[in-house]
Amino acid sequence: MAALCTEFGDLVQIKKQLISVILLCKERGLLHSAKWASELAFALDPLPKDELPPSPPFTEEDAQDLDALTLAKSYFDLKEYDRAAYFLKGCCSQKAYFLYMYSRYLSGEKKKDDETVDSLGPLEKGQVRNEALRELRVELSKKHIAGELDGFTLYLYGVVLRKLDLLKEAVEVFVEAIHALPLHWGSWLELSNLVTNIEMLKSLSLPDCWIKDFFMAHMYTELQMIKEALQKYQNLMEAGFSKSTYIISQIAVAYHNIRDIDQALALFNELREQDPFRIDNMDTFSNLLYVKSMKPELSYLAHNLVEIDKYRVETCCVIGNYYSLRSQHEKAALYFQRALKLNPRCLGAWTLMGHEYMEMKNTSAAIQAYRHAIEVNKRDYRAWYGLGQTYEILKMPFYCLYYYRKAHQLRPNDSRMLVALGESYEKLSQQVEAKKCYWRAYSVGDVEKMALLKLAKLHEQLNEYDDAAQCYMLYIQDIFSCGEQLEHAEVSTALRYLGQHYFKNKLYDEASLCAQRCCDYNDAREEGKALLRQISLVRDQIETPSADLFAPLSNNNTPVRRVSPLNLISFTP
């Protein structure tokens with residue numbers, strides 16, 4: 001495995017390397033890395049018999065430990081970790097030593113998870129720790145200093161350090177593991193969980209290997225740099241991995257992250273056709289179906305996954321989403337709890353459970369759930385945003401501001417974060433900051449079409465009448481251009497204001513047009529009719545002028561800047 005780094009041009013060489021690493025991972029019980037490499041290998045053309053890679057070299061130490069290793073591996077596969085470790089104690093080969101340490105680590109993790117779930121339940125998770133971690137760290141540290149750890153054992157050492165919250169050391173060890181064994185995807189994945197921003201990513205010294213492109217694409221997705229991620233995945237598909245279900249799923253997740261829902265749904269449907277029994281990423285697919293309120297499709301997906309494996313984390317999340325869409329929030333929360341019993345580090349389940357507790361008005365439980373999500377992954381903007389919303393309900397705007405800022409840092413071009421920030425600033429009487437947030441939300445593409453409306457109302461409160469009119473005008477143009485005017489309740493508010501504003505500025509034709517359009521909306525009809533009567537009265541008076549014509553309409557004599565007329569005719573639905 002020395003000459004691991006090869007160009008994408010040599011797909012035969014890549015396939016050989018993948019086959020070799022699949023075998024090495026399987027021997028050590030690293031099943032997720034083996035699965036990832038197998039899926040990639042499957043996407044490439046089969047090798048002829050004479051091109052297949054040779055078996056890994058067999059040392060004298062391997063021969064000596066063979067019987068113990070074979071026995072221990074059979075116990076390990078049956079999750080009898082303590083038993084496997086017992087029979088591997090004292091073995092000398094690298095393979096046996098890794099399995100010995102890994103068995104001890106997994107034994108501790110299993111006991112920790114059992115204790116967490118049985119004694120406390122997922123929400124009241126106390127400080128239950130893997131008791132084996134400290135001992136493992138001491139032993140692996142000695143070997144590390146002596147330079148006796150191979151790529152796999154370095155990976156395990158990094159995992160132990162991460163679990164002990166020694167993150168800086170963990171990053172260094174994972175980078176070392178990647179240099180020692182570039183093809184082990186597990187090391188890359190663990191490293192990705194520790195990279196907090198693009199500057200840190202650029203500072204890492206990584207081997208120049210083809211697998212690095214997969215890592216960079218994954219990192220760009222995680223860091224919300226979706227354009228760069230999609231470009232990377234496109235390049236990988238063109239390089240020869242066009243059949244890879246892993247890449248299709250990652251592109252679908254990337255589109256999900258930028259809320260390009262139709263594109264993401266199309267890719268997930270394609271993925272289901274290619275791999276109908278796939279459960280990975282199906283929780284993300286269910287999020288999309290939930291957002292689009294596609295009840296029959298979500299019901300079908302839930303039933304389908306229950307038939308395949310009802311005790312998978314993703315299955316529980318899909319069922320939870322289904323019940324949530326049916327507004328059965330207690331049942332939904334129950335299924336997210338089940339998901340967490342299966343995997344207490346399931347990020348999506350913590351966040352979704354927080355949403356359900358919010359729906360049930362249980363703010364303290366929601367806060368706990370969102371905090372757990374952040375513990376699992378500090379880059380989860382949904383959890384930060386959820387915390388902001390929870391503190392908003394509790395009327396604590398300073399807290400809101402802190403959490404919404406965190407969400408905004410992770411999603412700088414998401415209008416929802418900017419609108420939420422603007423609302424928080426407004427509550428704290430920081431109107432200048434609020435205005436900036438609302439305008440920026442409009443500039444980046446306002447998803448919910450609320451930013452201009454809020455900005456207009458803020459200008460109105462501050463007696464900045466022309467600015468308010470300008471925002472209402474832009475708001476109406478925005479709504480009418482989307483064809484959503486009939487569903488949007490606030491159009492009448494904007495028309496009502498503009499009608500009065502044009503009237504005060506003696507633009508009677510525009511005021512009349514706005515008043516007429518007000519009559520299309522129940523809540524503004526009476527005011528529209530009243531304004532039309534006033535306009536009619538004024539026009540009659542113009543023919544026979546009167547001294548106190550505007551007395552009831554304006555109490556001050558401040559000159560008002562003339563507003564450009566609004567051409568409403570072009571927005572007729």
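Reader: Is F214 buried or exposed?

Author: A residue is called buried under 20% relative accessible area, exposed over 50% and partly exposed in between, with a 1.4 Å probe and protein chains only. F214 has a relative accessible area of 0%, so F214 is buried. W210, at 2% relative accessibility, also counts as buried. This is a predicted model, in which local features need pLDDT of at least 70 and side-chain atom pairs count only at pLDDT 80 or more, while totals for chains, interfaces and linings use all residues. Residues are numbered from 1 along each chain as its sequence is written, and side-chain values use heavy atoms, with hydrogens and water left out.

Reader: What describes a pair of aromatic rings?

Author: The distance of the centres and the angle of the planes describe such a pair. Rings of Phe, Tyr and Trp (its six-membered ring) pair if their centres lie within 6.5 Å; planes under 30 degrees apart count as stacked, over 60 as edge-to-face and the rest as tilted. The structure holds 28 aromatic pairs. In one of them, W210 and F214 have ring centres 6.0 Å apart and planes at 80 degrees, so this pair is edge-to-face. For Y322 and Y323, the centres are 5.6 Å apart and the planes are at 55 degrees, so that pair is tilted. Y322 and Y323 are both buried.

Reader: Which residues form one aromatic cluster with W210 and F214?

Author: W36, W185, F241 and Y246 belong to that cluster along with W210 and F214.

Reader: Which charged residue lies over the face of Y97?

Author: A charge sits over a ring if NZ of Lys or CZ of Arg is within 6 Å of the ring centre and within 35 degrees of the ring normal. K143 is placed over the face of Y97, at 4.4 Å from the ring centre. Over the ring of Y335 sits the charged end of R338, 4.7 Å from its centre.

Reader: Which residues line the largest cavity?

Author: On a 1 Å grid over the protein atoms alone, a cavity is a set of points where a 1.4 Å probe fits but cannot get out, and lining residues have an atom within 4 Å of a point. Here the lining of the largest cavity consists of R496, Q500, A515, C518, E527, G528 and L531.

Reader: Which elements give two or more residues to this lining?

Author: Helices (H or I, at least four residues) are DSSP runs, numbered from the N terminus. Those giving two or more residues are α27 (491–504), α28 (508–518) and α29 (525–543). The most comes from α29, with three residues.

Notes:
1 Å grid on protein atoms, 1.4 Å probe; cavity = no way out; pocket = protein on both sides within 12 Å on 5 of 7 lines; lining within 4 Å.
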